[in-house]
Amino acid sequence: VPFGLIINKAGIGNQEMYKFRQENHIDLLAEIPFRRDLAAVYATGEIWVDRFPEMRESFAGVLSKVMLSGRTA
């Protein structure tokens, strides 16, 4: 089963997840930064890309990677 990793709260903590991902050859699909403004928008139920259009490309990339991994030859 194809899979990948999205790191939430990127930028805090240590590098263990990145090390694990690299050692196990896991695709990094995206990183969601640790930001109070993102948490506030999420808490209201709003869609992030509506408030933060700069994140649209990152999420579109995740969707594209997921859709491509689901295709069969």
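Which element gives the largest share of the lining of the largest pocket? Helix 2 does, with three residues.

Okay, quick housekeeping. This is a predicted model, where local features need pLDDT of at least 70 and side-chain atom pairs count only at pLDDT 80 or more, while totals for chains, interfaces and linings use all residues. Residues are numbered from 1 along each chain as its sequence is written, and side-chain values use heavy atoms, with hydrogens and water left out.

So, the pocket. On a 1 Å grid over the protein atoms alone, a pocket is an open set of points where a 1.4 Å probe fits, with protein on both sides within 12 Å along at least five of seven lines; lining residues have an atom within 4 Å of a point. The volume is the space filled by probe spheres set on the points, with points joined across faces, edges and corners. Here that comes to about 160 Å³. The lining is N8, K9, I32, P33, F34, R35, L38, A39, Y42 and W48. Strand 1 (5–10), strand 2 (28–33) and helix 2 (36–44) each give two or more of those residues. Helices here are DSSP runs of H or I with at least four residues, strands are E runs of at least two, and both are numbered from the N terminus.

Next, those two strands. Strand 1 and strand 2 run parallel, joined by five bridges; pairing takes at least two DSSP bridges. I6 sits opposite A30 in strand 2. Between the strands the chain goes through helix 1 (residues 16–23), and this β-α-β crossover is right-handed, that is, clockwise from the first strand over the helix to the second when the strands point away from the viewer.

Now the rings. How many aromatic pairs are there? Two, counting Phe, Tyr and Trp (its six-membered ring) with centres within 6.5 Å; planes under 30 degrees apart are stacked, over 60 edge-to-face, and the rest tilted. Y42 and W48 make a tilted pair, 6.3 Å centre to centre with 55 degrees between the planes. W48 also pairs with F59, again tilted, at 5.9 Å and 40 degrees.

Y42 is exposed at 62%, W48 is buried at 18%, and F59 is partly exposed at 29%.

Definitions and conventions. Buried < 20%, exposed > 50% of the residue type's maximum accessible area, 1.4 Å probe, protein only.
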